[in-house]
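Welcome! Have a look at the protein below, and then let us walk through how its parts sit together.

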Amino acid sequence: MISTKGRYALRVMIDLATQASDDYIPLKEIAERQEISEKYLQQIVKLLVEHHMLIGISGKGGGYKLTRRPEDYPVGEILEIMEGTLAVVACLASETSPCERRSQCNTLPMWKKFDQIVHNFFFHISIADLVNGTIPDFL
C-alpha cells in the first residue's frame, strides 16, 4: 500500500511541474494549493531534495523547483524514495535477508511476476503523464 507520504510527494511534484515559471515556488504556496500541512510537506521535500529530485533554496525568493523535465521523473522513482521499497511481499525487498524457503516456495514465481508488473506500471508513468492525464498502456 502506498502511504500518504508517497501520495503527497507525487502531488508536490505535479504541482511544481504545472507551474509555468522557472522560479522557485515557496512551500507555503504548494501547501495551500494542495491543502496539505506545510510542516508535513517539509519532511517530504527534504527527502526529495536529498535525492536530487528538487532544488530548494531558503530566504526571500526561495522555494523549490524540479531538477529535471517532468517527463524525466518516473513515478516509481519518487515512490521508492518515499516508501523505501515497492516490493509486493517482504521476501522480494532488497533490504531483507533471503528467505530460507526460497528454493521450495511454490508461490515465489507468482510474487516475482506480480512484483514485476507493479514495478513496470509505476516506472512507465512519468510526472508529465500525470500532469497531462495520459497513463500509458504497457500491459
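A crossing is called left-handed if the near helix is turned anticlockwise from the far one by less than a right angle, and right-handed if clockwise. By that rule, H1 passes H4 in a right-handed crossing. The contact joins Lys5, Gly6, Ala9, Leu10 and Met13 of H1 to Val75, Ile78, Leu79, Met82 and Glu83 of H4, where contact means heavy atoms within 4.5 Å. By class, that contact has seven nonpolar, one polar and two charged residues. Here Ala, Val, Leu, Ile, Met, Phe, Trp, Tyr, Cys and Pro count as nonpolar, Asp, Glu, Lys and Arg as charged, and the others, Gly among them, as polar.

A word on the source: this is a predicted model, in which local features need pLDDT of at least 70 and side-chain atom pairs count only at pLDDT 80 or more, while totals for chains, interfaces and linings use all residues. Residues are numbered from 1 along each chain as its sequence is written, and side-chain values use heavy atoms, with hydrogens and water left out.

Now for the overall plan. The chain has six helices and two strands, running α-α-α-β-β-α-α-α from the N terminus on. Helices (H or I, at least four residues) and strands (E, at least two) are DSSP runs, numbered from the N terminus. Along the principal axes, the C-alpha atoms fill a box of roughly 60 × 30 × 25 Å.

| Helix pair | Angle | Axes |
|---|---|---|
| H1 (residues 4-17) and H4 (residues 75-83) | about 135° | 9 Å apart |
| H3 (residues 38-50) and H4 | about 115° | 10 Å apart |
| H1 and H2 (residues 27-34) | roughly 110° | within 10 Å |

H1 is therefore roughly perpendicular to H2, a label for angles of 65 to 115 degrees; angles under 35 count as roughly parallel, over 145 as roughly antiparallel and the rest as oblique. Arg11, Val12, Asp15 and Leu16 of H1 touch Ile30, Arg33 and Gln34 of H2. This contact of H1 with H2 has three nonpolar, one polar and three charged residues. H1 and H4, in turn, are oblique to each other.

H3 and H4 also make a right-handed crossing. Ile44, Leu47 and Leu48 in H3 meet Ile78, Ile81 and Met82 in H4, a contact with six nonpolar, no polar and no charged residues.

Definitions and conventions
Axes are lines fitted to C-alpha atoms, for helices over the stretch in contact, and angles run from 0 to 180 degrees between N-to-C directions.
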